[in-house]
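Reader: I've got a structure to go through. Can you walk me through its pockets and domains?
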Amino acid sequence: MSAALDETDTFSFGPSRLAALGSLAARYGQSENSVAAGGRVQTIAAGHYTVSGLSRQVRLGDFVAHKSETGVHLGEVVRVEQELVYICPIEPGEPIGIHDTVIRKGAFRVAPDESWCGRAINALGEPIDGGAPLSHGPVARSIANSAPPSMTRRRVEEGFRTGVRAIDLFSPLCLGQRLGIFAGSGIGKSTLLSMLARAEAFDRVVIALVGERGREVREFIEDTLGEDMRKTVAVVATSDESPMLRKMAPMTAVTIAEHFRDQGENVLLIVDSVTRFAHAIREVATASGEPPIARGYPASVFTELPRLLERAGPGIEGAGTITAIISILVDGDNHNDPIADSTRGILDGHIVMERSLAEEGRYPPINPLSSVSRLARKAWTPDQEKLVARLKALIHRYEETRDLRLIGGYRPGSDPDLDMAIRQVPVIYETLKQSPGERPSFDAFTDLANALKAAAANGGAIARG
């Protein structure tokens, strides 16, 4: 145990290790040479505190153990100066006193295990569902791992069915793809994510709920996921938790997904939402004195986003895949805010959900013209690709003439393409509607073909001009 607790070692976090750290910190507190072994708290401010005696021992991103009057608490190194180290505490409201002992512990690690499926855990890898303590796997992984080298990764080749008709028709996905769900608040983003979590193509599902309302966590896990929770690991950091825990939650989730991917399994990773991850980074960076560069966001946000998202995707040859569905909460429905714009350039496609469509009662409110999958051609057959291009042309023609038709400025029969759009686009829109309780679609193209045939047989009764 003494070797495992050496101050320069990396560590996994758990109740037994916490007790051991408490014992170690107590011994340091009674020692005359505690500053040589670790460091001492020098100043305390809102959001961070500084420590002397650790500048030559730590690196950015290292974790430290801080001994206070209430026990041992964790913190992360966010800034290193010649004489002082800036520490951001992991736990909110941690009691910190001048000259408290601080010990370097290195990179934070978790040891995922198959038994974690069906469990809800926090960003530190501890159970929060009231169940038994977690079993730990044989390999401890740093939550700050790098992505596999680009030339060693498998190519993305195989498409899969999500069961959501609007996506399977217009923005199909492939195993190992990274897709963004762009939506404002209250449009149905989390509902769409729960529908995607039911896809049958995956062996495991890992969900990171970042900055969610505390009252909604149980509803999402018990009601929305239901039986699908058996193959799911949920990593939760609610909105009232510290920015450090909200920052760590997606990193812990990706690390768990990497564990299953390296076992050869196909993993679905859902992060809801990466915007709140960016907000947490902003809070931590601002507390450490980093200046903002783009609408209040510091440069570290735009460094951490690609580091997190690039870890998803196909593994090396012989490994499985991580298919990432990332939700982006667009501030004020502005799809060009800095986080949305930066994330869109990293991902392999984006689904756009619009408030106006939700107000019309079209759920999921996906705009098929604005949504793009960069790997769609690997999932479509050549005939399907031609059909989708034709469908998009009809939808575009229908929408651009909406005002003209509403004022009675169009005479039927003068434009055959527009006449076809008027007959068929409302049927397409009706087919794309899908509720969370509805069975997943087995073949979206067949569903659409049957709907169009039924409308034609009924003389276009379903269609509305």
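Reader: By class, how many nonpolar, polar and charged residues are in the lining of the largest pocket?
Author: The lining has 13 nonpolar, 5 polar and 7 charged residues. Ala, Val, Leu, Ile, Met, Phe, Trp, Tyr, Cys and Pro count as nonpolar, Asp, Glu, Lys and Arg as charged, and the others, Gly among them, as polar. Keep in mind that this is a predicted model: local features need pLDDT of at least 70, side-chain atom pairs count only at pLDDT 80 or more, and totals for chains, interfaces and linings use all residues. Residues are numbered from 1 along each chain as its sequence is written, and side-chain values use heavy atoms, with hydrogens and water left out.

Reader: What counts as a pocket or a cavity?
Author: Both are found on a 1 Å grid over the protein atoms alone. A cavity is a set of points where a 1.4 Å probe fits but cannot get out. A pocket is an open set with protein on both sides within 12 Å along at least five of seven lines. Lining residues have an atom within 4 Å of a point. Points are joined across faces, edges and corners, and a volume is the space filled by probe spheres set on the points.

Reader: What volume does the largest pocket have, then?
Author: About 540 Å³. Of its 25 lining residues, Leu60, Gly61, Glu76, Lys247 and Glu304 are the closest to the centre. Strand 5 (71-80), helix 6 (243-262), helix 7 and helix 8 (299-309) each give two or more residues to that lining. Helices (H or I, at least four residues) and strands (E, at least two) are DSSP runs, numbered from the N terminus.

Reader: Where does that pocket lie relative to the domains?
Author: Between domain 1 (33-106) and domain 2 (111-377), because both give residues to its lining. There is also a domain 3 (383-463). The bounds come from an automatic or database domain assignment.

Reader: How many residues of domain 1 and domain 2 are in contact?
Author: 13 residues of domain 1 are in contact (heavy atoms within 4.5 Å) with 10 of domain 2. Over C-alpha atoms, the centres of domain 1 and domain 2 are 31 Å apart.

Reader: What about the second largest pocket? Which residues lie nearest its centre?
Author: Ser190, Thr191, Glu212, Arg213 and Glu216, out of 20 lining residues. The volume is about 380 Å³. Helix 5 supplies the largest share of the lining, 5 residues. By class, the lining has 5 nonpolar, 8 polar and 7 charged residues.

Reader: Last one. Where is Pro412?
Author: In the loop between helix 13 (402-406) and helix 14 (416-432). Pro412 counts as exposed because its relative accessibility is 67%. C-alpha to C-alpha, Pro412 and Arg276 are 49 Å apart in space.

Methods:
Buried < 20%, exposed > 50% of the residue type's maximum accessible area, 1.4 Å probe, protein only.
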